[in-house]
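Open the model in your viewer and keep the selection tool at hand. Each stop below says what to select and what is there.

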Amino acid sequence: MLNKKPVPAPSASWSARAWPDAILPLPLDERFHPVDERKLGQVAAGALPACRAVFVAPAASELHPDLFEPILAAMAERPDIGIFYGDDAVVDGAGQVRSVHCKPAFNPALLMADDYIGFPLVIRVSALASLNPDFGRRTGNAAWFRLLLDAVSAGIGIDRIPQTLIASPLARPKAKRAARADVLDRWFQGSGAPLRTAPGLTADTLEIRRSLDVRPPVTLVVPTAQSRPRDEDGRVIESAKPHVINFLDSLGRSTYPADRIRVLIGDDKADDAIYRGRSDRFAVTRLLTTRPEGAPFNYAAKMNTLWRAAETDLVILMNDDLVVRRAGWIEALLTFALDRGVGGVGGRLLFPSGKIQHAGMFGGIFDVCAHPWYNRDAAEPTYGDWALAQRDCSSVTGALFATRKAVLEAVNGFDERFALDFNDVDLCFKLRMLGYRIVYTPFAEMAHHESASRQTSFAPGSQISRFLRRWHDVLTDDPAYSPQLRTDTDVVAPRADAARWVTERRAGQTA
């Protein structure tokens, strides 16, 4: 006869409190199965009429001493949400906090790339009754991850409670990558979505790829002034190729069919000498965008002229000082840009030195919208591996931005009052106000000579003031960020008080 593993008893913090009738505790074993599955049956049968929600977390977790207050408040304030999740911490055997996982508002791309939600979960009884978690072999330890996907399919609202509600010993409780990949692939197949999973850029993340039986035509919209690289002292290197030529040369590394690529160059110079003699496999069209002598440069106006001239619905807005680093960059962008719910997709941009220039942007950092990890070594770990994971963002840079003409037309393109700066962030925010998602993917990776294609300058104070007035509320509460993360640094990190209750409680126990 096989020996069964002993069923773990919930930690003392589960039993040493009086649970309100409205919340049923559901501690989980090491497989993330309920320690007592009969409780789910009681809820489904209506045997607990006062129960309104189930609190789900590993049995070994320590619970916040004031756990119920934020949960009951969230349930009262957000009747549209069927599933809430909270932040979690990891502690070692000595009770020291090793990490705190401060979670964004519901983030579909990040959920698929990396089960950032994990635990704890607070699931309304009404939602649970329609979802029926599967604890069979097909889901492994990803039953709750599958339940979240099913909630998405059913249109059940999911959102965060931005407080650290549990502390888990040694390892963060979430589904393993292999189990998540299997569950996701079957979910894609069942929904008819032309998507599949592949290993991500870190040991615990996945890449979501779109199956493209037919490659749609796409136009790369590239403004240029035929500028050339500069040396360390800022002097133009006359012997170097213009940036736009380096960009065109690098396109040959792309795996996207060349006959489906159209390059539309908006050139400030009438002289076409740098293009003569080329034999590119993709179509190249030049559109003169010269401006009167002395007229100020207006990037937003130039890009509006260019994308409107594109003959395909799919467009990728690009700077001319980009160089392809990942061959599948177009496919990576189109994985999301072809989703009708997505308004724009940005990629990962690195300086030629290999340091990060762009990996999505967050509102609120330094009270504006900033690039996290700016000029940090790309090989350095980032918070939650976010620089290397597909995820929804509030905004991405316009230096590499895949979208559709129909989407741009819906907001009349860039606001030309933001002549040089803020126009890309403003565009993303406007799209989000219409319900479109903005997605970042590290699988569309480029080298970027930032600001090389235009003279470096600062936006006038009037433009800064207009931007801050227009988007103050978004900047102070970015759903892609977390109130528990610091805003005084571009190195994303939890605030000092994000898990203070854990250390204070341990200190009280040992006093």
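Select Phe 362, Trp 373, Tyr 383, Trp 386 and Tyr 481: together they form one aromatic cluster. Before going on, note that this is a predicted model, where local features need pLDDT of at least 70, side-chain atom pairs count only at pLDDT 80 or more, and totals for chains, interfaces and linings use all residues. Residues are numbered from 1 along each chain as its sequence is written, and side-chain values use heavy atoms, with hydrogens and water left out.

**Aromatic pairs**

How many aromatic pairs does a search of the whole structure find? The count is 19. Rings of Phe, Tyr and Trp (its six-membered ring) pair if their centres lie within 6.5 Å; planes under 30 degrees apart are stacked, over 60 edge-to-face, and the rest tilted.

Stay with Phe 362 and Trp 373. Their pair is edge-to-face, with 6.4 Å centre to centre and 80° between the planes. It links distant parts of the chain, 11 residues apart. Phe 362 sits in strand β17 (residues 362-363), and Trp 373 in the loop between β18 (369-370) and β19 (391-393). Helices (H or I, at least four residues) and strands (E, at least two) are DSSP runs, numbered from the N terminus.

Are these two residues buried or exposed? Phe 362 counts as buried because its relative accessibility is 0%. Trp 373 is buried too, at 3%. Buried means under 20% relative accessible area, exposed over 50%, and partly exposed in between (1.4 Å probe, protein chains only).

Now select Phe 429 and Trp 471. This aromatic pair is also edge-to-face: 5.2 Å centre to centre, 75° between the planes. Phe 429 lies in helix α12 (residues 423-433) and Trp 471 in helix α13 (residues 461-476), 42 residues apart. Both Phe 429 and Trp 471 are buried.

Colour α12 by accessibility. The helix is mostly covered, with 10 of its 11 residues buried. Among them are Asp 424, Asp 426, Lys 430 and Arg 432. Step just past α12 to Gly 435, which takes a positive phi of about 95°.

Next, select Arg 466 and Phe 418. Arg 466 lies over the face of Phe 418, at 6.0 Å from the ring centre. The test for a charge over a ring is NZ of Lys or CZ of Arg within 6 Å of the ring centre and within 35 degrees of the ring normal.

**Strand β7 and its partners**

Select residues 157-169, strand β7. Of its 13 residues, 10 are buried. Two strands pair if DSSP finds at least two bridges between them. Strand β3 (residues 62-63) pairs with β7 in the antiparallel sense over 2 bridges. One to show is Glu 62 with Ala 167 in β7. Strand β4 (residues 81-91) runs parallel to β7, joined by 10 bridges. Here, Asp 87 has Thr 164 as its bridge partner.

**Val 100**

From Thr 164, move to Val 100, one of its contacts. Val 100 is in strand β5 (residues 97-101). At 9% relative accessibility, this valine is buried. Beyond neighbours within four places in sequence, Val 100 contacts Asp 88, Ala 89, Thr 164, Tyr 383, Pro 494, Ala 498 and Ala 499. Contact means heavy atoms within 4.5 Å.

**Last stop: Thr 289**

Find Thr 289 in the loop between β12 (283-288) and α9 (299-309). Thr 289 counts as buried because its relative accessibility is 13%. Leaving out residues up to four places away in sequence, Thr 289 touches Gly 266, Asp 267, Asp 268, Lys 302 and Leu 306.
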